[in-house]
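Visitor: Hi, could you walk me through this structure? I'd like to start with the salt bridges.

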Amino acid sequence: MLQINPKMLPRLDELEKDLVMRRKRAEEEQWLGEIEGIDLTLTFLRTKQADAIRSRRRTTVDLEFPRPRG
């Protein structure tokens, strides 16, 4: 699964704006197949944005090095 670096969120916002504009044009031109494809891409993009935001909130856990028992 592709993981998005949270630093890329501004770029994802730009892509989303572009897709929304392209969808509007596709609606005006009645390009039904194009609308369906854009909707699918927007769904995927928004899921990745949410994943990136969630990963930004996670903290790392130090598991340390294993130690021999004794």
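Guide: Happy to. The side chains of Glu64 and Arg67 meet in a salt bridge, at 3.1 Å from N to O. The term stands for a side-chain nitrogen of Lys or Arg within 4 Å of a carboxyl oxygen of Asp or Glu.

Visitor: Before we go on, what kind of model is this, and what cut-offs apply?
Guide: This is a predicted model, in which local features need pLDDT of at least 70 and side-chain atom pairs count only at pLDDT 80 or more, while totals for chains, interfaces and linings use all residues. Residues are numbered from 1 along each chain as its sequence is written, and side-chain values use heavy atoms, with hydrogens and water left out.

Visitor: Thanks. Is Arg67 buried or exposed?
Guide: Arg67 counts as exposed, at 66% relative accessibility. Buried means under 20% relative accessible area, exposed means over 50%, and partly exposed is in between, with a 1.4 Å probe and protein chains only.

Visitor: And where is Glu64?
Guide: Glu64 is found in the segment after α2. The helices are DSSP runs (H or I, at least four residues), numbered from the N terminus. The phi of Glu64 is near 60°, a positive value in a residue other than glycine.

Visitor: Now the helices. At what angle do α1 and α2 cross?
Guide: Helix α1 covers residues 9-29 and helix α2 covers residues 32-57; their axes come within 10 Å and cross at roughly 160°. Axes here are lines fitted to C-alpha atoms, for helices over the stretch in contact, and angles run from 0 to 180 degrees between N-to-C directions.

Visitor: So are they roughly parallel or antiparallel?
Guide: α1 and α2 are roughly antiparallel to each other. That label applies to angles over 145 degrees; under 35 counts as roughly parallel, 65 to 115 as roughly perpendicular and the rest as oblique.

Visitor: Left-handed or right-handed crossing?
Guide: The crossing of α1 and α2 is left-handed. In other words, the near helix is turned anticlockwise from the far one by less than a right angle; clockwise would be right-handed.

Visitor: Which residues make the contact?
Guide: On α1 they include Leu12, Leu15, Glu16, Leu19 and Arg23, and on α2 they include Ile38, Leu42, Leu45, Arg46 and Gln49. Contact means heavy atoms within 4.5 Å.

Visitor: How accessible is Glu16?
Guide: Glu16 counts as buried, at 19% relative accessibility. Arg46 is partly exposed, with a relative accessible area of 40%.

Visitor: What else is Glu16 in contact with?
Guide: Leaving aside neighbours within four places in sequence, Glu16 is in contact with Leu42, Leu45, Arg46 and Gln49.

Visitor: Which residues are linked in a network of salt bridges?
Guide: Arg23, Glu27 and Asp39 are linked that way. Within it, Arg23 and Glu27 have their closest N and O atoms 2.0 Å apart. Those two are 4 residues apart in helix α1, so about one helical turn separates them. Arg23 is partly exposed at 21% relative accessible area, and Glu27 is partly exposed at 43%.

Visitor: Last topic: how far apart are Met21 and Arg57?
Guide: They are 36 residues apart in sequence and 30 Å apart in space, C-alpha to C-alpha. Met21 is found in helix α1 and is exposed, with a relative accessible area of 57%.
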